[in-house]
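Please examine the fold and the nonpolar packing of the protein chain shown here.

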Amino acid sequence: MIQPQTHLNVADNSGARELMCIRIIGTSNRRYANIGDVIVAVIKEAVPNMPLERSEVIRAVIVRTCKELKRDNGKYDMMTMLQLLLIKKETQKELEFLVRSSGN
């Protein structure tokens, strides 16, 4: 479960290493984000000589959390780290539509 001010590791090779969650996309009064949710984050640590820089505001989708996730077959999956993937600007509208449609 991720809330604002949570520091997260990045699971892709975009150049960012660590992010801090600013806002959870979806509803206005949502406190926590889980796997598959889109968040707004700021880059706290970045790899030098990459297109992404520190203090840049981006969107990301959560792929791993420490909180266990119950599957349909009754098993629980539990990860050891908080990780997410960055979203490109071209795919932001598609993911926002999916998030809004799944919230019903």
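The report below treats the chain as a whole and then its nonpolar cores.

The model is predicted: local features need pLDDT of at least 70, side-chain atom pairs count only at pLDDT 80 or more, and totals for chains, interfaces and linings use all residues. Residue numbers start from 1 along each chain as its sequence is written, and side-chain values use heavy atoms, with hydrogens and water left out.

**Overall architecture**

Seven strands and one helix make up the secondary structure of the chain, in the order β-β-β-β-β-β-β-α from the N terminus. Helices (H or I, at least four residues) and strands (E, at least two) are DSSP runs, numbered from the N terminus. Of the 104 residues in the chain, 32% are buried (under 20% relative accessible area, 1.4 Å probe, protein chains only). The accessible surface, from the Shrake-Rupley method with a 1.4 Å probe, is about 7,200 Å², and carbon and sulfur atoms hold 50% of this area.

**Nonpolar cores**

A nonpolar core is a set of buried Ala, Val, Leu, Ile, Met, Phe, Trp, Tyr and Cys residues joined through side-chain atoms within 4.5 Å. The largest one has 18 residues, and Leu8 is among the members that touch the most others.

The most is given by β2, with four residues. Another core, apart from this one, has five residues, including Ile25 and Val61.

Notes
Buried means under 20% relative accessible area, exposed over 50%, partly exposed in between (1.4 Å probe, protein chains only).
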